[in-house]
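Colleague: I've just opened this one. Can you walk me through it?

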Amino acid sequence: GIDVLLEALARLCAAGLRPWLWIAGDGEERGRLTAQAGRLQLLDRVRFLGRRDDTADLLGACDVFVLPSRHEGLGVAALEAM
């Protein structure tokens, strides 16, 4: 659901809000998602962080955690964020 999250971020930016989005992790969708962020003119607001081992530090630096999963109701990532 990261594609949907990028669309939501574009709407927030169009409404005058300027949140940052950090996307941790890596996979076969990265190229497509980076291109989508470019089409939506979000490359100045989105950071694709790749695979990370400092999850606790990332979560500690965030104001909001989003799990845009289409398949997990309550995944480990959501539990870690709590």
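**A quick tour**

Colleague: What should I know about the model and its numbering before I start?
Modeller: It's a predicted model, where local features need pLDDT of at least 70, side-chain atom pairs count only at pLDDT 80 or more, and totals for chains, interfaces and linings use all residues. Residues are numbered from 1 along each chain as its sequence is written, and side-chain values use heavy atoms, with hydrogens and water left out.

Colleague: OK, how many helices and strands are there in the protein?
Modeller: Four helices and two strands, in the order α-β-α-β-α-α along the sequence. Those are DSSP runs numbered from the N terminus: helices are H or I with at least four residues, strands E with at least two.

Colleague: Switching to helix 2, which of its residues are buried?
Modeller: Helix 2 covers residues 30-39, and Leu 33, Gln 36 and Ala 37 are buried there. Buried means under 20% relative accessible area, exposed over 50%, partly exposed in between (1.4 Å probe, protein chains only).

Colleague: And which residues are exposed on the other side of helix 2?
Modeller: Gly 31 and Arg 39.

Colleague: What covers the buried residues of helix 2?
Modeller: The cover includes helix 1 (2-14) and strand 2 (46-50), going by contacts, meaning heavy atoms within 4.5 Å.

Colleague: What comes after helix 2?
Modeller: Gln 41 follows, with a positive phi near 55°.

Colleague: What does the C-alpha trace span?
Modeller: About 30 × 30 × 25 Å along the principal axes.
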